[in-house]
Amino acid sequence: MLYVLYGEANVFKKFKDSYGNYKASVVGDVRGMLSLYEAAPLRVDGETILDEVLPFTTTYLEPVATQFSSQLVAQVNHALIGPLC
């Protein structure tokens, strides 16, 4: 089971460039950032990429939640307010 979880975590590496920075295409994608944010609680010990996701996406999503008015922003607000279990 741990092998499967570890293999699945590698899926998130596609969001980073060869230098370990998040790609510009990810930063400009609110829905993608929300998905990453919501995936963070699914991490297991040793998954450094998902450990990094939570502060990165929170920093990005908080300003977005106050700048726009749409259903997507409502989802962002709901995610940021709700508990991460």
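Helix α4 bends by about 25° at L54, and a proline, P55, follows within four residues. The model is a predicted one. The buried residues of α4 are I49, L50, V53, T57, T58, Y60, L61, V64 and A65. In general, an α-helix has 3.6 residues a turn, so residues three or four places apart point the same way.

One of the buried residues of α4 is T57, for which the relative accessible area is 0%. Because buried means under 20% relative accessible area, T57 at 0% falls in that class. When residues up to four places away in sequence are not counted, T57 touches M33, L36 and Y37. Helix α3 covers residues 30-39.

The structure holds one salt bridge. It is formed by the side chains of K16 and E52, with a distance of 2.3 Å from N to O. K16 lies in the loop between α1 (2-9) and α2 (24-27), whereas E52 belongs to helix α4, so the pair ties together parts that are 36 residues apart in sequence. In general terms, side chains of opposite charge can pair when their charged atoms come close. The two partners were assigned to separate accessibility classes. K16 has a relative accessibility of 16% and therefore counts as buried; E52, at 35%, counts as partly exposed. Leaving aside neighbours within four places in sequence, the contacts of K16 are N21, Y22, K23, I49 and E52. Among these, I49 is one of the buried residues of α4.

Helix α5 spans residues 71-81, and its residues L72, V73, V76 and A79 are buried. Seen down the axis of α5, these buried residues fall within an arc of 120°, so they line one face of the helix. The face turned away from the buried side carries the exposed residues Q71, H78 and I81. The cover over the buried residues of α5 includes α3 and α4. At the N-terminal end, α5 is capped by S70, from which a side-chain oxygen lies 3.3 Å from the backbone nitrogen of L72. L72 is itself among the buried residues of α5.

For the protein as a whole, five helices and zero strands were assigned. The order of elements from the N terminus on is α-α-α-α-α. The chain has 85 residues, of which 32% are buried. Of the contacts with a separation of 6 or more, 56% are between residues 24 or more positions apart. The salt bridge between K16 and E52 joins parts that are 36 residues apart in sequence, because K16 is in the loop between α1 and α2 and E52 is in α4.

Notes
Residues numbered from 1 in each chain as written. Predicted model: local features only at pLDDT ≥ 70, side-chain atom pairs only at ≥ 80, totals over all residues. Heavy atoms only, no water. Bend = angle between axes of the 7 residues up to and from the residue. Helix = DSSP H or I, 4+ residues; strand = E, 2+ residues; numbered from the N terminus. Buried < 20%, exposed > 50% of the residue type's maximum accessible area, 1.4 Å probe, protein only. Contact = heavy atoms within 4.5 Å. Arc of directions from axis to C-beta. Polar contact = N/O pair within 3.5 Å; in protein donor to acceptor, adjacent residues only side chain to side chain. Salt bridge = Lys/Arg side-chain N within 4 Å of Asp/Glu carboxyl O.
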